[in-house]
Amino acid sequence: MLRFLRDYETYFLFSHIEPDGDCLCSSAALGRFLQAQGKQVFHFNEGPFIRVEVKSYQEDFLSSVPETIPADAAAVVLDCSTPERVGIFADTVSTMPSLVIDHHRTGDPFGDVTYIESDAPSTTLLIQFIIEAFHAPIERDVAELLLFGLCTDTGFFRHLTDGQGAVFAAVGRLVNQGASPKAAHARMFGGRTMASRRLLARLIERARELNAGRCMITFENLDDIAEFGKESRDSDLLYQLLLGTQHCSVIALVRAESPSLTSISFRARDNTDVGSIARSLGGGGHRAAAGCQVEQPLAAALRTTEAILSQLETQS
Ligand SMILES: [Mn+2]
């Protein structure tokens with residue numbers, strides 16, 4: 001993998017559709033490192049840049065590839081468990097020598113070279129390990145990128161558990177380089193609109209308990225989208241509030257995307273493998289955080305999800 005990052009003169013960095021802080025910061029940080037090694041770097045992302053905390057990155061990412069790709073160019077695919085996750089760039093990637101850096105459990109491995117650590121909490125942590133493996137200095141702004149990616153994928157460290165001291169040791173090195181957890185928190189959770197707070201209130205009011213309170217489900221319909229817009233979604237905070245309910249350990253958020261397409265997100269606080277639930281519905285993700293899209297209207301998707309949650313075995 002380290003040789004792959006030395007061997008080419010030009011690197012095309014690709015990350016997943018509907019990008020998050022982890023994939024964009026991975027791209028930006030790896031790009032900064034490669035440029036410091038004298039490489040030419042281009043960042044690509046199809047978007048859409050929906051999440052409030054990543055909007056400012058959009059200008060650094062190209063939405064189409066050049067017509068001719070340099071012969072000395074290689075692709076690095078970041079934070080994608082399957083080639084389709086890069087969206088419109090999938091064909092381009094398949095024609096280039098490729099390195100895949102990822103931390104997802106699902107998906108068939110792809111790419112000529114892979115660095116996939118399903119136990120890593122973020123792709124940015126893997127980028128940090130790469131830069132450190134080259135014994136390259138981590139500048140303050142790169143440290144900020146790496147910290148922000150880790151914070152967004154770990155829910156500001158909430159998803160980390162015992163045995164992950166190495167992650168905090170890595171964070172300590174970033175903080176020593178000038179990255180501020182306080183600033184990262186403000187960027188991650190601040191700047192939200194009043195509409196997003198009202199939508200949160202509505203979804204919490206709608207939440208229903210299933211399976212003797214062990215599971216909770218709520219939904220967002222097309223009227224909500226018309227009233228508040230998809231940009232008002234603040235799913236992370238919603239998950240946090242619902243999962244904090246007494247006895248509740250698994251939640252589902254069912255959202256209409258269009259009259260015939262519905263997305264379902266799952267989160268678990270216990271050992272329930274919601275990743276396998278999402279996979280059974282054609283999606284993917286991690287054990288504790290997963291999702292899928294189904295070609296069903298909202299009402300049908302809600303029934304499907306309720307049936308699954310009602311039948312969940314109790315797990316500790
Ligand atoms: Mn990630």
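Start with two helices: H2 and H4 run roughly parallel to each other, because their axes cross at roughly 15° and angles under 35 degrees count as roughly parallel. Keep in mind that this is a predicted model. The two axes come within 8 Å, and the crossing is left-handed.

Now show the side chains between them. On the H2 side, pick Asp 22, Cys 23, Cys 25, Ser 26, Ala 29, Leu 30 and Phe 33; they meet Thr 123, Thr 124, Ile 127 and Ile 131 of H4.

Ala 29 is among the residues with the most contacts inside the largest nonpolar core, along with Phe 14, Val 76, Val 77, Leu 146 and Leu 147. That core has 51 residues. Elements giving two or more residues to it include H2 (21–36), H4 (123–133), strand S1 (10–15) and helix H5 (140–153).

What does Phe 14 touch, leaving aside its neighbours within four places in sequence? Select Phe 44, Ala 75, Val 77, Leu 78, Val 86, Phe 89 and Val 93: Phe 14 is in contact with each of these. Apart from this core lies another, of 28 residues, including Val 254, Ala 268, Val 274 and Leu 302.

Next, colour the open sheet of 6 strands, ordered S6-S7-S8-S9-S11-S10 with mixed pairing. Its edge strands are S6 (208–210) and S10 (284–285). Zoom in on S10 and S11 (289–294), which pair antiparallel over 2 bridges; Gly 285 has Ala 290 as its bridge partner in S11.

Last stop: helix H10 (235–243) lies across S7, S8 and S9, running at about 145° to S8.

Methods:
Residues numbered from 1 in each chain as written. Predicted model: local features only at pLDDT ≥ 70, side-chain atom pairs only at ≥ 80, totals over all residues. Core = buried A, V, L, I, M, F, W, Y, C linked by C-beta atoms within 7 Å. Buried ≥ 20, exposed ≤ 12 C-beta atoms within 10 Å, placed from the backbone. Helix = DSSP H or I, 4+ residues; strand = E, 2+ residues; numbered from the N terminus. Contact = placed C-beta atoms within 7 Å. Pairing = 2+ DSSP bridges. Axes fitted to C-alpha atoms, helices over the stretch in contact; angles between N-to-C directions. Parallel < 35°, antiparallel > 145°, perpendicular 65-115°, else oblique. Left-handed = near helix turned anticlockwise from the far one by under 90°.
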